[in-house]
Amino acid sequence: MWQVGLAMLAKAVLCIFTFGIKVPAGLFIPSMFVGACMGRILGVCMEQFAFTFRDSEFFQLFCSPNESCVTPGLYAMIGAAATLGGVTRMTVSLVVIMFELTGGLTYIVPIMIAVMISKWVGDAIISDGIYDGHIHLYGYPFLDSKREFTHNTLACDVMRPRRNDAPLSIVDLSTVAVGVLQDLVSETDYFGFPCVLDSTSQLLAGFLTRKDITFVLDQVTHRREGTTRESRVFFIDSTRRVNQQLLESTVPSVNFRGLMDPSPFQISDQTPMETVVEMFRKMGLRQVLVSHNG
């Protein structure tokens, strides 16, 4: 039993470190291993206890004289389910998993009881499971579907930038050049940038991700000779006015038509925040663009 206990402690310590430093070593099997070792130790202790006091009225009532009264393997199986349930706070799905692993319909009730007790004990210590805890620990943008978010504000009250913040970093399609994209990437660290037709109208035309802009700069720098910082970059269909500019300009231009997303998720500035939260929650958005009359 000391070997089983040592294996349990070693596996528990290793599981804590590997999961905490994001090593893909798994969580289900190590947690079940720790619980199985703990249940096995308890099962062997109960087996020895039943053997020592086999002449007592309690064991004579429930145990046959010629049969083993305690099965340590059953304790190991229930311990594995209880430990995994306490770590992840799984309930019904965990019971189904254990039933599929063992095929023992007889032991469904003990497993259900063990899983529920482990969840209650875990909730009494800390309300979140290990996955929810790591989501909050690392600050991931996650909206729990079980929680209710009550807002009395509009999208214009929550959007960035605020009135006192720096202006929004955008891509002006009418004047965008290689140098503008280089400065935009070097001076900011945003995931993407809204694209407007021109700085006067501010009409939203699409959305460019940082990855796409980096791709454009890589193509211009390494694979297109003769381009400079003043070289124009086009992401939409060229119009007559643009063609005239190209004819008059001596600097070669670059056409990346189709690289921009022409239909990003956008809402009006008067959209209630309840609607915005539901959009982020159900569609898994990274961002949504707020516009006023387009």
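Q: Where is cysteine 45 placed?
A: In this predicted model, cysteine 45 belongs to helix 2, which covers residues 28-52.

Q: Is cysteine 45 buried, exposed or partly exposed?
A: Cysteine 45 counts as partly exposed, because its relative accessibility is 46%.

Q: And how far apart are the C-alpha atoms of cysteine 45 and methionine 1?
A: Those two C-alpha atoms are separated by 9.6 Å, and the residues stand 44 residues apart along the chain.

Q: What about leucine 181, where is its place?
A: Leucine 181 sits in helix 9, residues 178-187. It is counted as buried because its relative accessibility is 0%. Its C-alpha atom is separated by 8.6 Å from that of threonine 214, a residue 33 residues away along the chain.

Q: Let us step back. How many helices and strands does the protein have?
A: The secondary structure comes to twelve helices and seven strands.

Q: Is the protein a compact globule or more spread out?
A: It is more spread out than a compact globule, because its radius of gyration is 31 Å, well over the 19 Å that the globule rule gives for 294 residues. Along the principal axes, the C-alpha atoms fill a box of roughly 105 × 50 × 35 Å.

Q: What share of the residues is buried?
A: Buried residues account for 32% of the 294 residues.

Q: Which residues does UniProt annotate as "transmembrane region"?
A: The unreviewed UniProt entry gives that annotation to residues 6-25, 73-97 and 104-122.

Q: How much helix and strand is there over residues 6-25?
A: That span is 75% helix and 0% strand, and its end C-alpha atoms are 20 Å apart. For residues 104-122 the model has 79% helix and 0% strand, with the end C-alpha atoms 26 Å apart.

Q: What holds paired strands together in general?
A: Strands of a sheet pair through backbone hydrogen bonds, and the pairing may be parallel or antiparallel.

Q: Which sense applies to strand 1 and strand 2, parallel or antiparallel?
A: Strand 1 and strand 2 pair in the parallel sense, over two bridges. Strand 2 and strand 3, by contrast, run antiparallel and are joined by five bridges.

Q: Which residues are the bridge partners of valine 196?
A: In strand 3, leucine 204 is a bridge partner of valine 196. Valine 196, in strand 2, is also the bridge partner of aspartate 172.

Q: Is strand 3 mostly covered or mostly exposed?
A: Strand 3 is mostly covered, with five of its six residues buried.

Q: Changing topic, how much space lies in the largest pocket?
A: The largest pocket holds about 1200 Å³ of space. It is lined by 34 residues, and the closest to its centre are Arg160, Leu168, Val288, Leu289 and Val290.

Q: Which elements give two or more residues to that lining?
A: They are helix 8 (155-158), strand 2 (192-196), strand 3 (204-209), helix 12 (273-283) and strand 7 (289-291). Strand 2 gives the largest share, four residues.

Q: What is the lining made of, by class?
A: The lining has 22 nonpolar, seven polar and five charged residues.

Q: What is the peptide bond from arginine 160 to proline 161 like, cis or trans?
A: That bond is cis, with omega near 0°. Proline 161 is placed in the loop between helix 8 and strand 1 (171-172). For background, most peptide bonds are trans, and most residues other than glycine have a negative phi.

Q: Which phi value does arginine 89 have, then?
A: Phi of arginine 89 is near 65°, a positive value in a residue other than glycine. Arginine 89 is in the loop between helix 4 (72-88) and helix 5 (92-102). It is buried, because its relative accessible area is 16%.

Q: And what is phi for asparagine 293?
A: Phi of asparagine 293 is near 55°, again a positive value in a residue other than glycine. Asparagine 293 lies in the segment after strand 7. With a relative accessible area of 71%, asparagine 293 is exposed.

Definitions and conventions: Residues are numbered from 1 along each chain as its sequence is written. This is a predicted model: local features need pLDDT of at least 70, side-chain atom pairs count only at pLDDT 80 or more; totals for chains, interfaces and linings use all residues. Side-chain values use heavy atoms; hydrogens and water are left out. On a 1 Å grid over the protein atoms alone, a cavity is a set of points where a 1.4 Å probe fits but cannot get out, and a pocket is an open set with protein on both sides within 12 Å along at least five of seven lines; lining residues have an atom within 4 Å of a point. Grid points are joined across faces, edges and corners, and a volume is the space filled by probe spheres set on the points. Ala, Val, Leu, Ile, Met, Phe, Trp, Tyr, Cys and Pro count as nonpolar, Asp, Glu, Lys and Arg as charged, and the others, Gly among them, as polar. Buried means under 20% relative accessible area, exposed over 50%, partly exposed in between (1.4 Å probe, protein chains only). Two strands pair if DSSP finds at least two bridges between them. UniProt positions are given in the numbering used here, feature names are shortened, and annotations may be inferred rather than shown by experiment. The radius of gyration is taken over C-alpha atoms; the globule rule is 2.2 Å times the number of residues to the power 0.38.
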